[in-house]
Amino acid sequence: MERKRWYKDMVFYQIWPRSFKDGDGDGMGDLWGVLEKLDYIKSLGCDGIWFSPIYPSPGADCGYDIADYMDIAPEFGGMEAFRKVLDGVHARGMKLLMDLVVNHTSDEHEWFQKSRQRIDPYTDYYIWRPAKPNGKLPNNWDSNFEGKAWTWDEVRGEYYLHLFAVKQPDLNMDNPLVREEVKKILRFWLDMGVDGFREDVITYISKAEGLPNDRIFPIYKGMRKYNHGPHIHEYLAEFKRDVLDHYDCFTLAEAPLVWPKRALKYIDEKDGQIDMMIQFQCQTADCLFTDYLPTKFHLRKMKKAFSDWQYKLDGRAWNMLYLENHDHPRIISRYGSEQYREESGKSLAVSYLFQQGTPFLYQGQEIGMINWRPESADMYEDVQTRYNYEHSNLKKSPEVRLRKMWRSSRDSARTPVQWDDSENAGFTTGKPWFHVNENYREINVAAQERDPDSLLNFYRSAIALRKSLDVVRHGSYREHFHSSKKLYVYSRSTDRQKLLVICSFTDRETKMKVPSGFDLANAKLILQNCKDADSSTLKPYETRVYLWE
């Protein structure tokens, strides 16, 4: 079957289900709540949905520790609710992506329980190693979440590898039986009618042979030994050849520490194994490698990340565009301004929506939800946040460490969506599973629905405009004034249309700058966030989009 490239004309909406909408009143977001809000998602101009994991899971990493890949967790409504949502999505002409998490499982998965007991054929489904002399760990790798990457299992009498939480043992993808299990998972959901997959840390699935020590990498020691391993392209090509090529589906790879040159080995349209890739560079303009090493926001770092991917993928591969997801704090609190929340939210929206690629919105982004600031660290749920609070900056006071979590924790992106100003922000009629941000009375969907100038309605206008312009789909990209610390200016051009995007990233008025060759007298101002635009001055976080045709 020919795999079409329908994803190039779409805008996706990511749902982190437990915090989206509770449909049955038990305090946990679920698929009944999603079903209730499908028309809302469609009204944004989004025609695809990506679900973070909704499989049965003990919840050690909020669903990314999967206990059964071929079922839907009962707290989300089970398979009955999923089938209704899938039908509802397709009835609206939309597509649905599932999260494929096959670098690791839950330690409560049947495979792991049998593997630790050495029951065939599961004995080598995971990566087991005996202790070295004197009880030393098999190697010096770090996990991404909880200390070292090895945990001793008393039942098996060996260490198992976990690149994430202790309860997330890594699968042994070098075992062909494990790869066959992955193919079964893919076929199961594709046969049901799912349209594709977002593949979680998929570049980690092939580890360096012999699992050698990593002696150079400063943090997450071992990443150079398990990211882009020796068989990664072989295994991805196998999944594509044996399964994906037989369906009209779409694949999106999550790939930490990947730059365009490396990415093209995965997503080049001539011989790649994946359709698109989630790059992390656009998320590091205010940190070093990770959100837990924060720095001041540098606009030029953000611009360089966007432009590198636009230039280097042009004509060879397709960009995935995003500002927020479940793994990072809220973007207005990071790159924008909470004081100028509406203005900076609109400027941020424009900064990425008119690039070439497929945009993704994350739930709550469209209304400008901002970071949550709990009163104490024990209010956080996220395993990564808790570990970082307990083990970093130990010389600092609890108050200082807590403020760092306010800035860094991905739990800020996981508070319930703020639907209205009623109790619990309209998320649930029960007791919410997680804390609701106290600002929900000011920031909520219902209030913004009533305001034609709201951020919500601005997103709708921007997405509709994006879809109406051929230049956004096909035009070349060029960044202007790349050395500016205040403005992000880029253009898109075809033979028939030119688009100029101007975004201010400062809380002060700044001089309007227009590249040579762009005569505003002949242009139409088609999108703006300040009604009284001045020809020579930009207001704080002002954004404009001009069109020539």
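Predicted model: local features only at pLDDT ≥ 70, side-chain atom pairs only at ≥ 80, totals over all residues.
Residues are numbered from 1 along each chain as its sequence is written, and side-chain values use heavy atoms, with hydrogens and water left out.

β14 and β15 (residues 487-493) pair in the antiparallel sense over 5 bridges; strands are DSSP runs of E, at least two residues, and helices runs of H or I, at least four, numbered from the N terminus, while pairing requires that DSSP finds at least two bridges between two strands. Helix α9 (residues 299-313) packs on the sheet, touching β14 and β15, and its direction makes about 155° with that of β14; contact here means heavy atoms within 4.5 Å, and angles run from 0 to 180 degrees between N-to-C directions of axes, lines fitted to C-alpha atoms, for helices over the stretch in contact.

The open sheet as a whole has 5 strands in the order β14-β15-β16-β20-β18, with antiparallel pairing. Its edge strands, each pairing on one side only, are β14 (476-480) and β18 (524-528). Helix α15 (residues 455-468) lies across β18 and β20 (543-548), running at about 140° to β18.

Turning to another helix pair, the axes of α12 (residues 383-391) and α13 (residues 398-408) come within 10 Å and cross at roughly 150°. That makes α12 roughly antiparallel to α13, a term for angles over 145 degrees.

How values were computed. Parallel < 35°, antiparallel > 145°, perpendicular 65-115°, else oblique.
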